[in-house]
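Open your viewer and get ready to click along. We will go from stop to stop, with a note on what to select and what to look for.

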Amino acid sequence: MKQDIHPEFVNSTVTCSCGATIETASTKPALRIEICGICHPFYTGEQRIVDTQGRIERLRRRYNMDA
């Protein structure tokens with residue numbers, strides 16, 4: 001391997017928008033993220049459906065689906 005071309009790793013704090021903080025190693029000392037394993041819907045069991053302009057309701061009406 002070539003010498004002196006690799007970035008240096010430092011202890012890093014990752015801060016999520018939900019307020020959770022995680023300590024890890026990175027090339028940057030601080031990282032801000034929008035979603036993490038604590039607040040991600042897959043891990044929490046919550047399902048959020050973003051319905052813009054009534055598209056889901058139109059689909060249900062078109063195919064006679066019950067809500």
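Two strands pair if DSSP finds at least two bridges between them. Helices (H or I, at least four residues) and strands (E, at least two) are DSSP runs, numbered from the N terminus. This is a predicted model, in which local features need pLDDT of at least 70 and side-chain atom pairs count only at pLDDT 80 or more, while totals for chains, interfaces and linings use all residues. Residues are numbered from 1 along each chain as its sequence is written, and side-chain values use heavy atoms, with hydrogens and water left out.

**Stop 1: the whole chain**

Show everything as a cartoon. Now colour by pLDDT, the predictor's confidence in each residue, from 0 to 100. The average is 84, and 90% of the residues score at least 70. Where is confidence lowest, and where is it highest? It is lowest in α1, with a mean of 76, and highest in β1, at 95.

Of the 67 residues, 10% count as buried. Here buried means under 20% relative accessible area, exposed over 50%, and partly exposed in between (1.4 Å probe, protein chains only).

**Stop 2: the sheet**

Select the strands. The 3 strands form an open sheet in the order β2-β1-β3, with mixed pairing. The edge strands are β2 (21-26) and β3, each of which pairs on one side only. From one strand to the next, the twist averages 30°. For that angle, axes are lines fitted to C-alpha atoms, for helices over the stretch in contact, and angles run from 0 to 180 degrees between N-to-C directions.

Now select β1 (residues 10-16) and β2 together: 6 bridges join these strands, which run antiparallel. Click Ser-12 and look across to Thr-24 in β2, which stands opposite. Then click Thr-15. Which residue is its bridge partner in β2? The partner there is Thr-21. On the β3 side, Thr-15 has Arg-32 as its bridge partner. β1 and β3 run parallel and are joined by 4 bridges.

**Stop 3: the cysteines**

How many disulfides does the structure hold? The number is 0, where a disulfide is a pair of cysteine sulfur atoms within 2.5 Å. The sulfur of Cys-18 has its closest cysteine sulfur in Cys-16, but because they are 3.6 Å apart, the distance is too far for a bond. Cys-39 is in no disulfide either, and its nearest cysteine sulfur, that of Cys-16, is 3.7 Å away. Is Cys-39 buried or exposed? At 18% relative accessibility, Cys-39 counts as buried, whereas Cys-18, at 42%, counts as partly exposed.

**Stop 4**

Select His-40, which lies in the loop between β3 (30-33) and α1 (41-44). His-40 counts as partly exposed, at 31% relative accessibility. Draw a distance from His-40 to Cys-18: they are 22 residues apart in sequence and 9.9 Å apart in space, C-alpha to C-alpha.

Now pick Ile-35, which is also in the loop between β3 and α1. Ile-35 has a relative accessible area of 44%, so it is partly exposed. Leaving aside neighbours within four places in sequence, Ile-35 is in contact (heavy atoms within 4.5 Å) with Cys-16, His-40 and Pro-41. Between Ile-35 and Cys-16, 19 residues apart along the chain, the C-alpha separation is 6.0 Å.

**Stop 4: the start of the chain**

Finally, go to Asp-4 in the segment before β1. Asp-4 has a positive phi of about 60° although it is not a glycine. With a relative accessibility of 79%, Asp-4 counts as exposed.
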